[in-house]
Amino acid sequence: MGRPFNLEISESAEYLSKSLKKARTAFEKERLQMLWWIKTGQATQHQELSRMLGRDGSTVTRWLQKYRQGGLAKLLEVKASPGATPKIQGEVRSQLEEKLKCSEGFSSYGEIVEWLKQEFDLEVKYQTVYRLVHYQLQAKLKIPRPHTNSM
């Protein structure tokens, strides 16, 4: 026989039902469904709930612990990874910004890659430099390209 719940759901069944209908992701729906089943008495045992959800018992236990610790907000919290640290940051980035503001500037993004390699011994991909300069700094390369008239 499975173990019974030792959990008091603070939200009403009506609120959980409405939240379940408004939920956009499967992540939210599963967890709200679990709480609704407990609140309405459709699931009375841990093992039964894990079978109904199609999840391992340890997963259900972890979800219930999250709910106990911080309520609905903690249960539905989505953690995002911080991502990689930028290769061009701090002093290097500020010097690049200053150089881009100068009237001479750079003639190409490839030239910026070379400048970073020579000045700071930084191996940075062309694409990385392009994204930083074009999208984040929103800077323009200052040296105009030579125009050839075909007349």
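This is a predicted model: local features need pLDDT of at least 70, side-chain atom pairs count only at pLDDT 80 or more; totals for chains, interfaces and linings use all residues.
**The largest pocket**
- There's about 230 Å³ of space in the largest pocket.
- Its lining is made up of A84, T85, P86, K87, I88, R93, T128, R131, L132 and Q136.
- Sort that lining by class and you get 4 nonpolar, 3 polar and 3 charged residues.

- L16, S19 and L20 are the buried residues of helix α1 (residues 13–22).
- Look down the axis of α1 and these buried residues fall within an arc of 105 degrees, so they line one face of the helix.
- Here's the handy rule behind that: an α-helix has 3.6 residues a turn, so residues three or four places apart point the same way.
- Over on the other side of α1, you'll find E14, K21 and K22 exposed.
- What do the buried residues of α1 pack against? Their partner is α2 (26–40).

**The nonpolar cores**
- The largest nonpolar core has 19 residues, and I9, M34, L35, I38, L49, L53 and Y67 touch the most other members.
- Two or more residues each come from α1, α2, α3 (46–53) and α4 (57–75), with α4 giving the most, 6 residues.
- Leaving out residues up to four places away in sequence, L35 touches I9, L16, Y67, L72 and L75.
- A second, separate core has 17 residues, including W115, V129, L132 and L137.
- L132 also turns up in the lining of the largest pocket.

Definitions and conventions
Residues are numbered from 1 along each chain as its sequence is written. Side-chain values use heavy atoms; hydrogens and water are left out. On a 1 Å grid over the protein atoms alone, a cavity is a set of points where a 1.4 Å probe fits but cannot get out, and a pocket is an open set with protein on both sides within 12 Å along at least five of seven lines; lining residues have an atom within 4 Å of a point. Grid points are joined across faces, edges and corners, and a volume is the space filled by probe spheres set on the points. Ala, Val, Leu, Ile, Met, Phe, Trp, Tyr, Cys and Pro count as nonpolar, Asp, Glu, Lys and Arg as charged, and the others, Gly among them, as polar. Buried means under 20% relative accessible area, exposed over 50%, partly exposed in between (1.4 Å probe, protein chains only). Helices (H or I, at least four residues) and strands (E, at least two) are DSSP runs, numbered from the N terminus. The arc is that of the directions from the helix axis to the C-beta atoms. Contact means heavy atoms within 4.5 Å. A nonpolar core is a set of buried Ala, Val, Leu, Ile, Met, Phe, Trp, Tyr and Cys residues joined through side-chain atoms within 4.5 Å.
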